[in-house]
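Reader: Hi! Could you walk me through this model in plain words?
Author: Happy to, here it is.

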Amino acid sequence: NNIHVFSISDYTTNALSNAGFANYRVKSLPWGIKDMLYPCEDVSNDKFTFIISGSIEERKGQDIVLSAISKLDPNIVIEAKFIFVGSVLDQSIFESILQASYRKPNIVYFDALPKEQIIQMYQKADCMIIASRDEPMSLVAVESAILSKPFICSDHTGIAGYVDDGFNGIIFVSEDSDALADKLTFAIKNKDKMRIMGSHSRSIYLEHFSYNDYCVSVANTISS
């Protein structure tokens with residue numbers, strides 16, 4: 001009775017239950033991060049710019065993104081740019097990204113960047129992609145929300161539980177590159193709708209992940 005279990009998302013709660021923690025009363029305790037008071041930039045990229053940020057590994061699903069890109073209509077894909085950012089943990093996926101970048105100049109890779117630099121990159125993007133096969137939450141998605149950027153995430157991410165699909169974000173079925181290709185096509189063809197979706201995404205941060213609310217939640221948890 002003196003063991004208390006907290007999880008960061010419904011996705012994690014379900015994972016704990018499947019792992020044998022069903023007898024414990026699991027409470028939700030999402031983390032909070034401080035607002036980033038960067039000036040909002042009016043983005044007007046020549047190509048609709050997606051960023052796929054995170055360590056290069058199977059769990060993060062960069063290979064799913066590459067597969068989805070390969071399925072885009074040629075007239076659609078030339079209107080977009082895809083920026084992969086992250087340290088390499090899986091050499092085979094990294095090689096696939098490099099090979100794709102050799103074939104298509106609108107696919108670009110950057111190694112892990114300092115925080116300030118990556119945030120500046122996010123500011124200049126049109127949309128983030130979180131294609132993870134398994135992600136308890138997603139710092140990238142929350143940072144996108146802070147910056148009023150729309151994001152596309154898989155349903156195997158904790159952040160998906162906070163998304164009203166099509167209103168403040170977009171969800172696709174994990175590992176379904178055809179479904180992701182459809183979402184990418186929608187985003188590229190509907191820039192104005194994606195910009196509005198980005199403005200709505202900030203409410204995800206304000207309502208669920210603000211640092212002040214997190215501190216209150218922790219204080220209440222300790223006192224109870």
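Reader: Is Ser148 buried, partly exposed or exposed?
Author: Ser148 counts as partly exposed because its relative accessible area is 26%; buried means under 20%, exposed over 50% and partly exposed in between, with a 1.4 Å probe and protein chains only. This is a predicted model, where local features need pLDDT of at least 70 and side-chain atom pairs count only at pLDDT 80 or more, while totals for chains, interfaces and linings use all residues. Residues are numbered from 1 along each chain as its sequence is written, and side-chain values use heavy atoms, with hydrogens and water left out.

Reader: Thanks! Where is Ser148 found, and what is its phi?
Author: Ser148 is in the loop between α6 and β7 (151–154). Its phi is positive, about 60 degrees, although Ser148 is not a glycine. Helices (H or I, at least four residues) and strands (E, at least two) are DSSP runs, numbered from the N terminus.

Reader: Which other residue has a positive phi without being glycine?
Author: Glu175 has one, near 70 degrees. Glu175 sits in the loop between β8 and α7.

Reader: And Ser174, where does that lie? Buried or exposed?
Author: Ser174 lies in the loop between β8 (170–172) and α7. Ser174 counts as buried because its relative accessibility is 11%.

Reader: What does Ser174 touch?
Author: Leaving out residues up to four places away in sequence, Ser174 touches Ser132, Arg133, Ser154, Asp155 and His156. Contact here means heavy atoms within 4.5 Å.

Reader: Changing topic: which residues touch the most other members in the largest nonpolar core?
Author: That core has 36 residues, and Phe50, Phe82, Phe84, Ile152, Leu180 and Leu184 touch the most other members. Helix α7 (residues 177–189) gives the largest share, six residues. Apart from this core lies another, of 30 residues, including Ile118 and Val163. A nonpolar core is a set of buried Ala, Val, Leu, Ile, Met, Phe, Trp, Tyr and Cys residues joined through side-chain atoms within 4.5 Å.

Reader: What does Phe82 touch?
Author: Not counting residues up to four places away in sequence, Phe82 touches Phe50, Ile52, Ile69, Leu72, Val77, Asn106, Ile107, Val108 and Leu184.

Reader: Which residues of α5 are buried, and what do they pack against?
Author: In α5 (residues 115–123), the buried ones are Ile118, Ile119, Met121, Tyr122 and Gln123. They pack against β3 (48–53), β4 (80–85), β5 (107–110), β6 (127–130) and α6 (139–146).

Reader: Nice. Now the whole chain: how many helices and strands?
Author: The protein chain has nine helices and eight strands. Buried residues make up 48% of its 224 residues. Among contacts between residues at least 6 apart in sequence, 69% join residues at least 24 apart.

Reader: What is its radius of gyration?
Author: The protein chain has 18 Å, which agrees with a compact globule of 224 residues, for which the value would be near 17 Å. The radius is taken over C-alpha atoms, and the globule rule is 2.2 Å times the number of residues to the power 0.38. Along the principal axes, the C-alpha atoms fill a box of roughly 60 × 40 × 30 Å.
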